[in-house]
Amino acid sequence: MRALTRITTSAVMLLTAHSVLDAQTFDRTRPPVLGPPPKVSLPPIVTRQLPNGLRLMVVEHHELPVADFILLVGSGGTADPAGKMGVANLTAAMLREGTTTRKSLEIADQIAFLGVRLNAGSSWESSTLSLHTPTAQLDSALALFADVALRPSFPANEFDRLKKTRLTELLQLKDQGPAIANIAYPAIVYGSSHPYGARLLGTEGSVAGLSVADLQSYYGSNFRPNNSTLIVVGDVTPAQIEQKVNRFFGGWQRGDVTPVKYTDPPKAGITTVYLIDKPGAAQSSFRIATVGVPRSTRDYFALTVMNTILGGSFTSRLNNNLRETKGYTYGARSQFDMRRAAGPFIASAEIVAAKTDSALIEFMKELTAIRQSVPPEELSKAKRYLQLQLPSDFETTQQIAGALVPVAMYGLPLDYYNNYVQNIEAITPADVERVARQYVNPGSLAVVIVGDRKSIEPTLKAVNIGPISIRDMTGQVVQ
Amino acid sequence: MAGLSAAVPAASQTTPRISFEKYTLPNGLQVILHEDHSTPIVAVNTWYHVGSGDEQPGRTGFAHLFEHIMFMGSQNVPVGMFDQWLEAAGADNNGSTTEDRTNYYEVLPSNALELALWLDADRMGWLLPTMDLPKVDLQRDVVKNERRQGVDNVPYGRADETILAALYPKSHPYSWPVIGSMADLSAATLGDTKNFFRTYYAPNNATLAIAGDFDPARAKQLVAKYFGAIPRGPAVTRRTTVPPVVIPRDTFLVLEDKVQLPRLFYTWPTVKLFAPDDAALDILAQVLANDKNSRLYKKLVYDLQVVQSVRAVQESSRLTGKFQIDVLPKPGQAAAGIDRLVQAEIAGIISKGVTRRELVRAQNSFRAQFLDRIASVLGKADALNSYNYFAGTPDFVQQDAARYDRVTAADVQRVARTYLGKPKIVLTVVPEGKRELMLSAAGGVK
């Protein structure tokens, strides 16, 4: 009480009669009752289409004098031609290595001089070129951005250098258990004939065989305005951006883009442990995987809620069990990686080697228990977490631009985020149970573990959740 | 390169000031408020002025282990509920520990500010009544796994602690890593936890920054309501200086690791954060290894293609700093040859200095980083706390940015000579059983 008295007298200028009472009588043993969450109105997205088919999405955000641009090209690693694994990745990397009017070192010089970030990359089904710039530099930065996007020259000497760098990178992957696990599980789940079983970085063999002509061909077949969206967020206006984009991107030529064909993934067999030896590894890298769902699934919101409960947040079951109860790991999680076709579902963690067997038991326990009905308070916590976090995903220009990527990529409605809260709200306990039973089947999972075989294989055998198959990092059987 | 010379120079941008109000509660808790209503969220960011540099011998890693224990509940918050209540309110939360300080934050929808203040006050005031050994043991296991995941199971992961132990004398507060050793983590006791809390986790050793969408009058009421009753702790005395680090001659070390390729790490003692030469050393790091045009990258990675990657950084902390360059030679490239090239580039800057263009590129990159740092309410709250602690006032972002504008080409040349011209620690991490690949005095140029 002495301390409370001091408060009310020292901070008296700002305390109302109500708060004096408040401070003296409140009950510290219970969490405060919160008022209603703030009404969220997400900024409107203005869309335009250039005559050449380039789609433009603009969001105004005037807090700081900066802008973010993302050129999203609707082709990525799955569009690599047969035998040319890694083409999409190297094509994106080569964008900054020279244009018809700028050399590699000039591009780097201008990026630093302007104080902008200009990055290129590619994923499974998209390639992106992104620009983060102070608006004081907007015209110069945009000229550079458009040049890199539209007029790459793929210089042979730069390609040769990047290729060698990539080959050393592939060699170094062997040092990292988690990286090995990330390469192995898609190969095991999807096999070599499905695009999702491929390696985005390519292999030593495929990369060594690539030529400048392969990159030019990939670029010409995929980098087309009618296959692209330009996302712009920042201290700009749609009218100003439309005029600038017409100037810089209006001359980009349309072209036919062949859609990627997805074969059916192989049927999942019985749950099997795929063990990849990493002698002396201090931790075992777990990737428990199966074929999941495409982004277009009608079960998107039900799966999002279910996965949040299973392994999508800090208090999720997997993290709570494996980290906060057992202490086997620094973190455990699960994810549905939804793509144009059915991407993988993965439960993962880095587990202390000595607890590899115990962790497998706990993983399987949770993957089984999630198929039973979820208690109402747990469901409600997950829904509120998803709903109430939304505003913090729309704070900076970079975050907003990132949030628009799936809207552009999967053709989501422009009011998608405005309806997000009610779509999550609509999910019932029965929905969660149904999607868990439908998509998480403990009887047919690929349990990929990279670790010290000598010490963990005997203990994994004793757990006996299924046969053990010894593989290499490419997913192939070790004889 | 003429195409861009007419562009608006980035120097025309100014770093915006972060407006704030600062006051101190009678119990010594400093409070910093910054209003920003652009998004309906609020960041609550608490700094405790204690880090791994305050640890006792045999207890390395304790400040960070303690940070983990702070999430395990307190008198009115049962185990697990700290995170559960926050998640149910739509909050993101975390904490971090450095040599110098420990921070905790929540980012919440603006209606949930009171929840964060209640939770943070409960663990500041009433952590010990429910503290027990199982909480310590559990987080001890988690932190050991954090160490495995970040150090022991990562290629080159043990380089850092190997260098620190060689760079600083044993009594120096930065001579051990923040994560600590496995043996010391095992040794930590419940008694250590209680003592550490009583010594360092008092309101008079903490600063609470709140940034975002809130009403300041209401926030002040809530801060008083929840934190006001926490008693002031004993005055905290912390080291304010360290003896200068002098390395009499180049020291060559080798560390075997599960790696495909050897990697070289050069480390020089430098100066602390905000010391007069700190910004010039930051610029020097950019000029050496920021991008394709930087000296080391262009020569070793781009032109000669004998190195896979190169990095240079001035790491400055509260008491002192260090400058580090690391290079990863391509397969088959001997360390001695790479070393000659690295030394030649450093010597080039010492003897001939840097160009105007190199300086401006580095300055512009820094200027852009200041804008990015204040794009989020969490970034602003953390910056206010950081400046309050390291610069003595929250009102320092513009002065911080101005440090880089003032650096001249002559400054960069001078700090290269002053610091990189002196003896250093050279560590080669080599594949297991291949110690002959290390760089040694005999294999070097001298």
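Two residues are in contact if their C-beta atoms, placed from the backbone, lie within 7 Å. The model is predicted, with local features needing pLDDT of at least 70 and side-chain atom pairs counting only at pLDDT 80 or more, while totals for chains, interfaces and linings use all residues. Residues are numbered from 1 along each chain as its sequence is written, and chains are lettered from A in the order in which they are written.

**Exercise 1.** Find which residues of helix 10 of chain B are buried, and what covers them.

*Solution.* Start with the terms: helices (H or I, at least four residues) and strands (E, at least two) are DSSP runs, numbered from the N terminus. A residue is buried if 20 or more other C-beta atoms, placed from the backbone, lie within 10 Å of its own. Next, apply this to residues 295–303: Arg295(B), Leu296(B), Tyr297(B), Leu300(B) and Val301(B) are buried. Then look at the cover, which includes helix 9 (278–289), strand 9 (307–316), strand 10 (321–329) and helix 11 (335–352) of chain B. Finally, step just past the helix, where Gln305(B) takes a positive phi of about 55°.

**Exercise 2.** Work out which helix of chain B gives the largest share of the side that touches chain A.

*Solution.* Begin with the totals: 70 residues from chain B and 76 from chain A. Helix 4 (133–152) is among the contributing elements of chain B, and its eight residues are the largest share.

Note on methods. A residue is buried if 20 or more other C-beta atoms lie within 10 Å of its own, exposed if 12 or fewer, and partly exposed in between; C-beta atoms are placed from the backbone.
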